[in-house]
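Me: I've got a new structure to look at. Can you walk me through it?

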2 protein chains.
Amino acid sequence: MDSAIVKNKSLLLYAGSLAVLMLLLKWLEYRLVIINYSFEIYIGSIALIFTLLGIWLALKLAKPKKEIIIIEKTVEVSGDRPFEINSAAIETMGLSKRELEVLQLMSNGLSNIEIAERLFVSLSTVKTHSSNLFQKMDVKRRTQAIEKAKSLNIIE
Amino acid sequence: MDSAIVKNKSLLLYAGSLAVLMLLLKWLEYRLVIINYSFEIYIGSIALIFTLLGIWLALKLAKPKKEIIIIEKTVEVSGDRPFEINSAAIETMGLSKRELEVLQLMSNGLSNIEIAERLFVSLSTVKTHSSNLFQKMDVKRRTQAIEKAKSLNIIE
DNA sequence: ACAAAATTCAACCTAAAGTATGAATTAAAA
DNA sequence: TTTTAATTCATACTTTAGGTTGAATTTTGT
């Protein structure tokens with residue numbers, strides 16, 4: 001839409017300039033005819049004027065061609081991973097909140113008794129949780145559970 | 001340097017074109033004078049030719065103005081770390097080759113018996129290695145050893 | 001309010017992990 | 001070559017881990 005307007009503007013300007021030039025030339029012609037002045041100068045001036053007109057026109061029309069496009073392609077820098085828990089894996093395994101806590105503390109290197117003290121529950125409770133945990137995760141040992149949990153990103 | 005050559009080329013082309021046009025005009029002039037043809041057409045053709053010449057000249061000279069600069073600013077992504085073992089930590093702890101193997105297999109979730117089978121040694125040997133391992137690493141359990149080893153980058 | 005799931009705990013048992021001591025063999029360093 | 005460190009193994013013991021059953025309580029979703 002803008003280009004159309006610009007083109008129209010250019011055309012109007014061109015038309016106007018042409019009209020003015022024609023008048024000028026007509027005046028020059030009569031003047032030259034009357035006083036019988038140098039014909040070559042007349043032609044030369046016409047050539048010069050129209051050359052300049054052409055240059056002006058071309059510059060006017062070729063103006064929007066000088067485009068400068070700067071594309072910044074920035075990719076995120078992952079210095080340290082933010083760690084995003086794999087909720088889907090937890091869901092599919094059916095791990096409960098408490099079981100996850102036990103799993104996390106196991107991964108931190110705590111024994112069952114230490115976990116019990118940390119969570120203010122008995123050793124029996126921790127054992128129950130861990131046992132259910134292993135069944136749900138389909139592992140035999142806490143070390144396997146830790147390995148699997150870390151590879152599945154369900155603990156930190 | 002290139003722009004200078006281009007300018008020279010353009011000027012040479014311009015000079016050549018001018019010469020040819022002058023000859024053409026001279027020929028036209030004589031022809032028109034002789035047969036006394038329409039003067040307006042003569043002037044018009046001159047105007048047209050020189051307008052076109054001006055346009056051509058302008059486009060030729062204004063050519064380097066249509067610059068398209070594309071700047072791609074790409075930042076490196078550190079997807080997965082290559083993992084570099086911390087030999088210094090292993091040295092300071094005084095861990096032997098075999099102890100490291102046991103530690104690695106522990107971290108993979110293997111039991112002592114499984115480790116023994118994997119390394120073709122007895123369960124006693126694995127127990128000895130693991131026990132010495134814990135003393136050297138100053139930990140009480142295999143889970144602690146795994147945690148510490150991973151944080152110190154001495155195993156994968 | 002009711003049913004299902006989650007959490008808690010106990011008691012008993014087996015398996016595995018971990019400690020301690022002693023010793024034989026092998027590989028590497030002085 | 002001799003000494004030291006590493007590797008290997010056994011035996012006995014203690015501690016922890018893990019499994020099973022059963023049950024009480026709480027939370028949660030319908």
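Reply: Here is a short tour, starting with the ground rules. This is a predicted model: local features need pLDDT of at least 70, side-chain atom pairs count only at pLDDT 80 or more, and totals for chains, interfaces and linings use all residues. Residues are numbered from 1 along each chain as its sequence is written, chains are lettered from A and ligands numbered from 1 in the order in which they are written, and side-chain values use heavy atoms, with hydrogens and water left out.

Me: What is the secondary structure of chain A?

Reply: Chain A has seven helices and zero strands. Helices (H or I, at least four residues) and strands (E, at least two) are DSSP runs, numbered from the N terminus.

Me: How many residues of chain A count as buried?

Reply: Of its 156 residues, 30% are buried, meaning under 20% relative accessible area (1.4 Å probe, protein chains only).

Me: Where do the side chains sit relative to phosphate oxygens?

Reply: A polar side-chain atom of Ser96(A) is 2.3 Å from one. For Thr125(A), the distance is 2.8 Å. For an N or O atom in the side chain of Arg142(B), it is 2.6 Å.

Me: Which element gives the most to that surface?

Reply: H6(A), with four residues.

Notes
Polar contact = N/O pair within 3.5 Å; in protein donor to acceptor, adjacent residues only side chain to side chain. Buried < 20%, exposed > 50% of the residue type's maximum accessible area, 1.4 Å probe, protein only.
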